[in-house]
Structures are given as C-alpha cells and as structure tokens.
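Biologist: Thanks for joining me to look at this one. Could you walk me through what you see?

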Amino acid sequence: MASRYEEYNKPRSEEDYLLVIESEGTIPGTNQRFEYKVISRTKARQDVELRIW
C-alpha cells in the first residue's frame, strides 16, 4: 500500500516524451517497506527500480 504516489507526464510528441512515477509505502502482511520508480523517455527505453527492505 503506497503512502506516497507521484506521477509526472509530459505529453508525447515525435521527439520529446517523459513519464516519471515514484511511490513508496508498506507491503501489507509483511510490513516490509518499498520504493518504486519508473522513468520512461521513449517507448523503447524504460528504467524501473524497485527496492524492498
């Protein structure tokens, strides 16, 4: 369950595009914390990061 969620979406054009999603929270049942981040600059390239501790 995310306690923080932020999304930034710059409209797509032929040459320019940006989508950033960041969230953090706690996994129910285990009380583990998580951070999740996605950065997408093109359809072919997306950077995804998920940390659980």
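Biologist: Which residues make the nonpolar surface patch of about 380 Å²?

Modeller: First, a word on the source: this is a predicted model, in which local features need pLDDT of at least 70, side-chain atom pairs count only at pLDDT 80 or more, and totals for chains, interfaces and linings use all residues. Residues are numbered from 1 along each chain as its sequence is written, and side-chain values use heavy atoms, with hydrogens and water left out. A patch here takes residues with over 30% relative accessible area and no salt bridge, joining like charges within 9 Å and nonpolar side chains (Val, Leu, Ile, Met, Phe, Trp, Tyr) within 5 Å, with areas from the Shrake-Rupley method and a 1.4 Å probe, where for residues only the protein chains shown count as cover. The members of the nonpolar patch are Y36, V48, L50 and I52.

Biologist: Which strand gives the largest share of the nonpolar patch?

Modeller: Strands are DSSP runs of E with at least two residues, numbered from the N terminus. Y36 has its place in β3 (residues 32-40). The largest share of the patch, 3 residues, belongs to β4.

Biologist: Is Y36 buried, exposed or partly exposed?

Modeller: Buried means under 20% relative accessible area and exposed over 50%, with partly exposed in between (1.4 Å probe, protein chains only). Y36 has 32% relative accessibility, so this residue counts as partly exposed.

Biologist: In what order do the 4 strands of the open sheet lie?

Modeller: Two strands pair if DSSP finds at least two bridges between them. The pairing in this open sheet is antiparallel, and the order is β1-β2-β3-β4. β1 and β4 (46-52) each have a single partner strand, so one side of each has no neighbour in the sheet, and the edge strands are β1 and β4.

Biologist: How many bridges join β1 to β2?

Modeller: These two strands run antiparallel. N9, for instance, has L19 in β2 as its bridge partner. The number joining β1 to β2 is 8.

Biologist: Is S23 buried or exposed?

Modeller: S23 lies in strand β2. Counting heavy atoms within 4.5 Å as contact, and leaving out residues up to four places away in sequence, S23 touches A2, R4, Y5, F34, E35 and Y36. With a relative accessible area of 8%, S23 is buried.

Biologist: Now the charged side chains: how many salt bridges does a search of the whole structure find?

Modeller: Side chains of opposite charge can pair when their charged atoms come close. The criterion is a side-chain nitrogen of Lys or Arg within 4 Å of a carboxyl oxygen of Asp or Glu. By that rule, the search of the whole structure returns 8.

Biologist: Which side chain meets that of R4 in a salt bridge at 3.8 Å, N to O?

Modeller: The partner is E22. This pair links distant parts of the chain, with R4 in β1 (residues 2-10) and its partner in β2 (residues 18-27), 18 residues apart. R4 is partly exposed at 27% relative accessibility, and at 23% so is E22.
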